Structure formats: C-alpha cells, structure tokens
Amino acid sequence: MRLSTPENLRRLQRKLYVKSKQEPGYRFYSLYDKVWRKDVLEHAWRLVRTNRGAAGIDGMTIEKAEERIDELLVELQEELRTKRYRPQAVRRVYIPKPDGRQRPLGIPVVRDRIVQAAAKLVLEPIMEARFEPFSYGYRPKRGAADAMERVRMVCHERRWAIEVDVEAYFDSVEHRRLMKTLALKIADGAMLALIRSWLQAGVVEPDGRKVTPPRGVPQGGVISPLLSNVFLHMLDRYWRIKGMPKKAGRWDAQLIRYCDDVLVITSGPPEPVVRVLEERLRRMGLVLNRNKTNVVDLQEKPAHFLGFEIRRLQNRRDGGIWLRIAPSRKAEERIRTKIRAIVNHRRPVTLPAMVREVNPVVRGWVNYYRRSNASRSFRRIKEYSEFKVRKVMQRRRRYRSFEWHHVGHSEIYDELGLYADYAVR
C-alpha cells in the first residue's frame, strides 16, 4: 500500500528539491530541526508500520510499538531536540542467495527505523535533485521497469553488454568518503552527526558478538538505500562528465545503474570500458570483481540484469535486429521454488488457504516482468502453478493418476481463485 504524503510535508520536500535543483552548489545549513518535527516523525512511523519488518536487538515488534506509539514519538522528538538520541546496534541476519552464499542484512530497532525514515524524508529531495537520470534503484517514481526501458533504448544500436559486479559493495563503502560526499550538500553538523551515528552504531552477530565495522552500510536500514545511491553518485557523475570517447557525436558507452547493480552497453570494444570502470571504482575505494564481471556479445548470447535476459535477435523476415527482454531462467526457477514451497500437499494447510497465500507471490512476480517479452515465461508459470494445485487435489482427494486431470478450470480459477492475470502489457 502506498501512503500519501501530507500536504505540509510535501511543501517542505518541494522547497528543498527546488533549492537543490536551482542552486547545485548550495549547502543546506538547517535540516536537523526538520527531522524532529511532529508531522515528519508521524509520517515516518506510518511508513515504517507499512513496511513491517522483523524486530531488532531489543525484541520490539511493530505491533508492540504501535501499542505505545504516541509515547514513543514524544520520546524520540525530545531526544532528537536535545541531541540525546543514540541509535542501538543493528541485528545481523543472513539470507541465503541463489548462488549458495549468504547475504548479510542489518535490522535496526523500530525506534531507529522511525528516525531514519524521518531523516530520509528530509534528505531525499535534496539528493534527488542531483542524481543522474540513468540511476533507477530505490528512487521515487523509478523502478526496474524504467531501467529496462532504458536498456531497450540503448541496445538497439549497441551489441556489447558489460555485467558489472562490485565486490561486497555494501560492506566496502568507506565512511569517510561517504560523509565527505554528503558534506558537499549538507552543512548542518547535527544532521551529519546523526548519519555518522548510524554508520558507527555497530552490528550484533547471531552468536551475540557486537562488532563495529570500519566501513560499510548495513543492508536493511531505512536510510541505507539513499546513502548507497549518494555514494555511487560519484560514479554516475564521473560517467556523465568524463564518460567514454564519443562515437557519431554522442557518448557510446551507456551506463544503467540500479543501486549496486550496474550494466554498461557499448558498441565496443568493451575492454577499455572495463578498465575505466575498474580504475574509477578503485579511486572510490571499491573493487571490480573481474571473475564475475562478464562481457557479453548480445548477438551471441543473452546478458542478465535485474532478473531479465537481454538478447539481440535477427528477424527472419527482413533480417532486421530486434531486442528480446524476458525473465531469466533463474528468475523462473526461483518463482517455481516459491510456488512449490507454498502449494504442497504435505503442509497442514487447506488448499484454499494455500491459494490465498501463493496468489500475492505470483502476482508480484508477474507485475515485475509484465512490461517485457514474457508471454512464454508467463505461460510456463501459469501451467506450473495450476499443476501444483491439481497435484494437491490428487493427493487429498485420492484421485487415481488418470483421474486428477478431469478437474475443471472453473474449480481452480473461479472457485479457488487461483491467480490468472498473465497478460503482457
């Protein structure tokens, strides 16, 4: 559910955005007092409540916080006003990745999430005014579909794709460089100190150990995506100003970034582009993972970006080139795994309850890929989800192997209500 921003807060954000846009060199001197404004904290709480999330190290859940939210907001406002606010360490959890590795996430306590959301409401319009148009991740009114539309535009005349992998990006951000970058737009020492306190709050590992990493931005914090975009804006700005040698009067190597996921499209040769990227990242204190940075000839095999496959194909009728952007095989396998885990006859759950549980998962996946050449993928996922429902019917109704296919579509889609909107738009 998307929350509407209160009008008075929207006016504040509009003023900050316009000032930052019209005066690129202006540094904001009075921001901290806006973080503890009552209306800002109240809307920050609504955002945190909507996003839900697990409890931090104090064990306080969203439900428990809601029971005393008025008192909690008053406490936070007073602590911020008197500069007595101190964040708690974040709780580290590890999420399995498709390649077998684990992704570390940091879960702040609810009170810190509220303050981070309030700071983001104030800082985001200032930074948004400076961000480059080819950055799409975790930005208002931008998303993966817009990034892929940009890919579609630049790939028609360029055949080389560079899948850029920044090694352990979120763990490698240097705090000093990040704070220096923030100080280019923020002159309010109290606001900078607030951000620094989150970076230095420390992490509690699953075994109970508390560590304070000298660098890195914890994934999972409300403010982390904005800080990550601020840091990588150095790469975006360099690419816009310096860029690559022009070809036919325009920049040849086109960079598309979704947070730390980076794709560069060029007409070649790609190796000089890789060297430029590696050198620029090195100057930012980051490392280009050469083993996972792939150079792909789009006319020979597909490139992968944000769960999509990108491939230049030749039209058999007229010999022209057309671009196919579709869900990757790995993306299809991941959604199948989720469907299989939910719609399973071994679970002590009724079939209608399983359908109600699986529908939002499938709907979200379909909506993510809907603006692509996904018709074949959608057909496979529809057939698979229907197959799993029929399989549960077979086991629970004790159909013979040749009888369970006779269950009609109306029972599956009309009576049970299995998700069926797979139209490509």
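**Close-up 1. Asp-39, a buried partner in a salt bridge.** Asp-39 is buried at 17% relative accessibility (buried is under 20% relative accessible area, exposed over 50%, partly exposed in between; 1.4 Å probe, protein chains only). Its side chain meets that of Arg-37 in a salt bridge, 2.7 Å from N to O (a side-chain nitrogen of Lys or Arg within 4 Å of a carboxyl oxygen of Asp or Glu). Arg-37 is partly exposed, at 28%. The model is predicted: local features need pLDDT of at least 70 and side-chain atom pairs pLDDT 80 or more, while totals for chains, interfaces and linings use all residues. Residues are numbered from 1 along each chain as its sequence is written, and side-chain values use heavy atoms, without hydrogens and water.

**Close-up 2. Glu-7 and Arg-10 in helix 1.** The two side chains form a salt bridge, 2.7 Å from N to O. Helix 1 spans residues 7-22 (helices, H or I, of at least four residues and strands, E, of at least two are DSSP runs, numbered from the N terminus). Glu-7 and Arg-10 sit three residues apart, about one helical turn. Glu-7 is partly exposed at 40%. Arg-10 is partly exposed at 31%.

**Close-up 3. Arg-290 and Glu-271 in a salt bridge.** Their closest N and O atoms are 3.1 Å apart. Arg-290 lies in the loop between helix 12 (271-283) and strand 10 (294-297), and Glu-271 in helix 12, so the pair ties together parts 19 residues apart in sequence. Arg-290 is partly exposed at 36%, and Glu-271 is partly exposed at 33%.

**Close-up 4. A network of salt bridges.** Glu-332, Glu-333, Arg-336, Arg-340 and Arg-380 are linked here. The structure holds 34 salt bridges.
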